[in-house]
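This report walks through the fold of one protein chain, moving from the overall picture to single residues. Please keep the structure in view while reading.

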Amino acid sequence: MMSMMPTISKRILRPEQGWPCIQNGYLAADLHVHSTCSYDVLPSQEFQPEAIYRKALNLGMDYITITDHDTMAAYDVIGWDREHLVTGVEMSLLDRKRVGHTIHVNVYDLKKYQFDELLRIAQHDQNIETYIGCLRDQKLPYLYNHPFWFSQGDRPNYRAVKDIVELFPVIEYNMKRVRRKNLLALGMAMMERKGILASTDTHIGRIAQSYTLAKGDTFREYFANISQGNAYIIPQDLDLQNLNSEIVGWIELLFRLENVLRGRAHFTGITILDCAINFLANNTSDNYPYSFPIMESLSRKIVKTGFFSFLYLFQQNMNAKKIGKILDIPSLTFDTAP
């Protein structure tokens with residue numbers, strides 16, 4: 001295990017270190033991106049599937065995918081066969097007997113009929129072994145998303161995470177997770193000799209701020225190289241600057257889209273945002289013509305202080321410390337990341 005440490009650390013690069021790789025034939029992809037077809041993405045034109053596709057193309061991504069939650073509707077909008085496009089989906093699976101909490105799986109290069117079969121297994125069979133068996137039988141590329149994210153209302157089974165990792169060829173290093181949690185994922189990948197993939201998991205169009213470099217004349221070859229550890233990651237973590245920037249962006253969108261949100265519920269996993277979104281969905285400036293502008297101004301000022309971001313990050317880091325002790329995952333230093 002310790003002998004793998006230098007190999008892993010050498011494959012974590014800063015953005016400027018990635019350019020020589022690209023010049024030497026490595027391809028870039030951010031393989032976890034959401035559009036307005038996901039239930040938790042605000043209905044803004046800039047997050048429509050076509051806009052997401054164009055933005056990723058303009059940012060130099062060699063493979064482009066949209067991985068919405070349990071739906072492939074984005075491809076009905078933009079087409080299933082376009083230049084640089086790889087079909088994808090983020091699927092939720094709750095196997096109460098073998099796992100106990102919801103896990104998210106990204107699946108790539110799949111057809112509509114394959115998605116329908118996977119969705120049936122996820123929603124009706126709810127059996128992780130059957131699900132993984134289907135992925136393997138269909139020879140589909142897949143990965144374990146953010147292993148230490150847990151759905152609201154779930155009771156996390158931390159010890160099951162180690163067993164789940166064994167079933168996957170690739171583990172995700174996710175920009176929306178704090179570094180401590182990403183390092184736990186990295187530690188498990190090292191222990192089980194799994195590939196590592198870096199992505200943004202963006203819900204607000206922040207594409208290509210975290211991505212993966214690998215070679216491959218086809219996407220299947222590209223993903224196989226990631227699985228085999230023949231890849232570099234350009235990662236980012238959820239720190240105070242990134243989180244506060246995201247929350248400010250959400251708040252600005254909330255007020256801009258106030259009328260569009262009316263009557264709709266959205267969930268981001270960040271409590272303050274969920275409260276704000278759902279408040280606006282049921283209470284608009286039409287309802288409160290005098291107090292609404294005051295609330296809008298006050299919300300912007302409070303959010304920009306970073307106070308709620310700090311509290312959220314503190315809680316996430318404490319949770320990561322607890323998980324590391326329970327699972328006895330080797331403690332990686334921050335030197336392994338840029």
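## Overall picture

A residue is called buried when its relative accessible area is under 20%. With that cut-off, 54% of the 338 residues of the protein count as buried. The model is a predicted one, and its secondary structure comes to 13 helices and 8 strands.

Contacts can also be sorted by how far apart the two residues lie along the chain. Among contacts between residues at least 6 apart in sequence, 71% join residues that are at least 24 apart.

Strands of a sheet pair through backbone hydrogen bonds, and the pairing may be parallel or antiparallel. Here, an open sheet is formed by 3 strands in the order β1-β7-β8, with antiparallel pairing. The edge strands, which each pair on one side only, are β1 (27–29) and β8 (231–234), and from one strand to the next the twist averages 25°. Strand β7, covering residues 211–214, is joined to β8 by 4 bridges, and within this pairing T212 has I233 of β8 as its bridge partner.

Two helices pack on this sheet. Helix α2 (residues 15–23) touches β7 and β8, and its direction makes about 30° with that of β7. Helix α9 (residues 219–227) touches β1, β7 and β8, and its direction makes about 100° with that of β7.

## A covered strand and its partner

Strand β2 (residues 88–94) is mostly covered, since 6 of its 7 residues are buried. It pairs with strand β3 (residues 102–108) in the antiparallel sense, over 7 bridges, and in this arrangement S92 stands opposite H104 of β3.

T102 is found in strand β3, and its relative accessible area of 12% lies under the 20% cut-off, so T102 counts as buried. Leaving aside residues up to four places away in sequence, T102 touches S92, L93, L94, W149, S151 and D154.

The axes of helix α5 (residues 112–125) and helix α6 (residues 128–137) come within 9 Å and cross at roughly 170°. Angles over 145 degrees count as roughly antiparallel, and therefore α5 and α6 are described as roughly antiparallel to each other. In their contact, α5 contributes E117, L118, I121, A122 and D125, while α6 contributes T130, Y131, C134 and L135. These residues divide into 6 nonpolar, 1 polar and 2 charged.

Several residues of α10 are buried, among them L243, I247, W250, L254 and F255.

Most residues other than glycine have a negative phi. Which value does phi take in H146? Phi of H146 is near 20°, which is positive although the residue is not glycine. H146 is found in the loop between β4 (142–144) and α7 (158–165), and it is buried, with a relative accessible area of 5%.

D201 also has a positive phi, near 55°, in a residue other than glycine. Its place is in the loop between β6 (195–199) and β7. Is D201 buried or exposed? With a relative accessible area of 4%, D201 is buried.

Technical notes:
Residues numbered from 1 in each chain as written. Predicted model: local features only at pLDDT ≥ 70, side-chain atom pairs only at ≥ 80, totals over all residues. Heavy atoms only, no water. Pairing = 2+ DSSP bridges. Axes fitted to C-alpha atoms, helices over the stretch in contact; angles between N-to-C directions. Contact = heavy atoms within 4.5 Å. Buried < 20%, exposed > 50% of the residue type's maximum accessible area, 1.4 Å probe, protein only. Parallel < 35°, antiparallel > 145°, perpendicular 65-115°, else oblique. Nonpolar A, V, L, I, M, F, W, Y, C, P; charged D, E, K, R; others polar.
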